[in-house]
Amino acid sequence: MSDACDAIVIGSGPNGLAAAITLARAGCSVVVYEANATIGGGARSAELTLPGFLHDVCSAVHPLAAGSPFLKTLPLERFGLKWIEPAIPLAHPLDNGSAACLCKDIDVTAEKLGEDSGAYRRLMKPLARNWGNLSIEFLQPILHWPQHPITLAHFGILAVCPATLLSKFIFKGERARALFAGIAAHSFLPLDAPASSAFALVLGLAGHAVGWPIPRGGSQQISNALADYLRELGGKIEVNHRIENLRELPKSRAILLDASVWEFLRIAGQEMPSGYRRRLESFRHAPGIFKIDYALSEPIPWKAEACRRAGTIHLGGNMDEIAAAARDVARGTIPQRPFVLVAQQSLFDDTRAPRGQHTLWAYCHVPFGCSTDMSNQIESQIERFAPGFRDCILARHKMSVADLGGSNPNLTGGDINGGAANLTQLIARPVLSPTPYRTSLRGVYLCSASTPPGGGVHGMCGYHAARAALREIFGKR
Ligand SMILES: Cc1cc2nc3c(=O)[nH]c(=O)nc-3n(C[C@H](O)[C@H](O)[C@H](O)COP(=O)(O)OP(=O)(O)OC[C@H]3O[C@@H](n4cnc5c(N)ncnc54)[C@H](O)[C@@H]3O)c2cc1C
């Protein structure tokens, strides 16, 4: 174990590395302890199926990383990070063989929505113009003094609406409604729940501002670039070192945990005042996921031509079907036709598979802790929009809810977002406070996706937590 230092970070996920970099940039000596043999947490890549096929173990598509106000300030290109923008960021196929698409250009997106083209422009254009200001406002704790109150209020009124309600109110046609519902489904909320629209708006706007890019060489490249920059700043990383108890750590002035609320309770629950512990214990999980990575002999034979040029595909049919799947999952039932998210990185990145062959990344939402193998349901959804898909499969690698939890203590029960992102937990994440990163233990901060702004690879939780520690422990502004 390393010697005493200014700050210790537990976990090398995107938020742990962002926290460590923020501290190191301010002149602190930092050590990161990572339980896994590899760094990166939710941003890693590996040959999961066959030699020569490079798969993203967790995150694959990165609108939030490319648009992150913090990550944008780092010289990550110098450490090998290169973004690739697929021709079409997102396609959403329908049963009639066509597809609605999210394109970087709002007008191009709108034109293909037919009767809803005007409505789409009116919804997105004013918000997209203010993306820079907006992204700073919503990628921090909700309880803050806004710098752009009018822009934030405009966004907030729309964002707080249930996705099905907003979609029916704004759009008339199936295409626009399906596209909006598919993006809203990233929330893991029932689509009639308050704030489910927030995800459709944020991810849609990010698509227009920065696209839905993928890193050349896989998501591991994001983590490697962050780690290399941290080392250049003097930070250290120790892998294969799971922290079981805060008392086992060397002396430091601050400890930042890139751990979920539940892992934090496991490590330090006994030392917390009971009031704070009870507040953390009342924090609720999001549903889980079941994931499959495929090695394919050829590109997927999508019926809709647009899907053959898209980085991400949403498979769930129309809005009512997506809403029904989300409702089933929230009630603890397995949907027969789940909402499936697909990414086909190898179409745009030749480092992912042998020439002419391809990778496919896919997952569907399942109830928290669910032990069902969803391969059949996932493959049936892909076949529905790409007949002949099964004939292209060379190998599969499945990750059940249990496999996810075993691979990263933050993914218990298959929850990939560090806790549900319902309205209550968007406001109190994990507790109601303008500085929710600070815990009841002096010098101990939480910096994972269980803090604002929540799940996704953006590093903003780590950045804000480190800023709080710098202010409160090191007296640095
Ligand atoms: C299958 C999947 C697909 C996803 N797809 C996307 C996507 O396409 N785009 C996107 O933006 N986001 C995606 N996400 C979400 C994203 O990966 C996470 O929200 C993000 O990684 C959270 O970052 P984090 O730093 O908070 O935690 P993590 O990335 O989970 O990192 C936490 C790290 O801390 C370590 N750790 C935890 N406890 C301890 C301990 N006690 N001692 C030592 N180390 C510890 C873990 O091993 C892990 O390495 C996906 C997630 C999954 C699982």
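Trainee: How far does helix 9 reach from its first C-alpha to its last, and what is expected?

Mentor: Helix 9, residues 196–210, has 15 residues and reaches 22 Å, close to the 21 Å expected at 1.5 Å a residue. The expected span is 1.5 Å times one less than the number of residues. "Helix" here is a DSSP run of H or I with at least four residues, "strand" a run of E with at least two, and both are numbered from the N terminus. Keep in mind that this is a predicted model: local features need pLDDT of at least 70, side-chain atom pairs count only at pLDDT 80 or more, and totals for chains, interfaces and linings use all residues. Residues are numbered from 1 along each chain as its sequence is written, and side-chain values use heavy atoms, with hydrogens and water left out.

Trainee: What makes helix 9 "mostly covered"?

Mentor: 14 of its 15 residues are buried. Buried means under 20% relative accessible area, exposed means over 50%, and partly exposed is in between, with a 1.4 Å probe and protein chains only.

Trainee: Why does alanine 119 count as buried?

Mentor: Its relative accessibility is 12%, so alanine 119 counts as buried. Alanine 119 sits in helix 4, residues 117–129. From alanine 119 to alanine 176 there are 57 residues in sequence, yet 9.4 Å in space, C-alpha to C-alpha.

Trainee: What about asparagine 240: is it buried or exposed?

Mentor: Exposed, because its relative accessible area is 55%. Asparagine 240 lies in the loop between strand 9 (236–238) and strand 10. It also has a positive phi of about 55° although it isn't a glycine.

Trainee: Which phi does phenylalanine 188 have?

Mentor: A positive one, near 65°, in a residue other than glycine. Most residues other than glycine have a negative phi, and most peptide bonds are trans. Phenylalanine 188 belongs to the loop between helix 8 (174–184) and helix 9. At 8% relative accessibility, phenylalanine 188 is called buried.

Trainee: How do you know that the peptide bond from arginine 429 to proline 430 is cis?

Mentor: Look at omega, which is near 0° for that bond. Proline 430 is in the loop between helix 16 (423–427) and strand 16. The bond from proline 452 to proline 453 is cis too, with omega near 5°. Proline 453 falls in the loop between strand 16 and helix 17 (460–472).

Trainee: What makes the pair of glutamine 344 and tryptophan 302 side chains a polar contact?

Mentor: They come to 3.0 Å. A polar contact is a pair of N or O atoms within 3.5 Å; within protein, one must be able to donate a hydrogen and the other to accept it, and residues adjacent in sequence count only if both atoms are side-chain atoms. Glutamine 344 itself is buried, with a relative accessible area of 3%. In helix 5, residues 131–138, you'll find serine 135, whose side chain reaches the backbone oxygen of glycine 132 at 3.1 Å.

Trainee: Over how many bridges do strand 1 and strand 2 pair, and in what sense?

Mentor: Four bridges, in the parallel sense. Two strands pair if DSSP finds at least two bridges between them. Alanine 7 has valine 30 as its bridge partner in strand 2. Strand 1 also pairs with strand 10, parallel, over four bridges, and valine 9 has leucine 256 as its partner there. Strand 10 and strand 16 (residues 444–446) are parallel over three bridges.

Trainee: Which residues come nearest to the ligand?

Mentor: Of the 37 residues around it, Glu34, Gly42, Val61, Asp258 and Gly456 come nearest; a residue is near if one of its heavy atoms lies within 4 Å. The protein covers 95% of the 1,000 Å² of accessible area that the ligand has on its own.

Trainee: Which element gives the most to the shell around the ligand?

Mentor: Helix 1, with three residues.

Methods
Accessible areas come from the Shrake-Rupley method with a 1.4 Å probe; for residues, only the protein chains shown count as cover.
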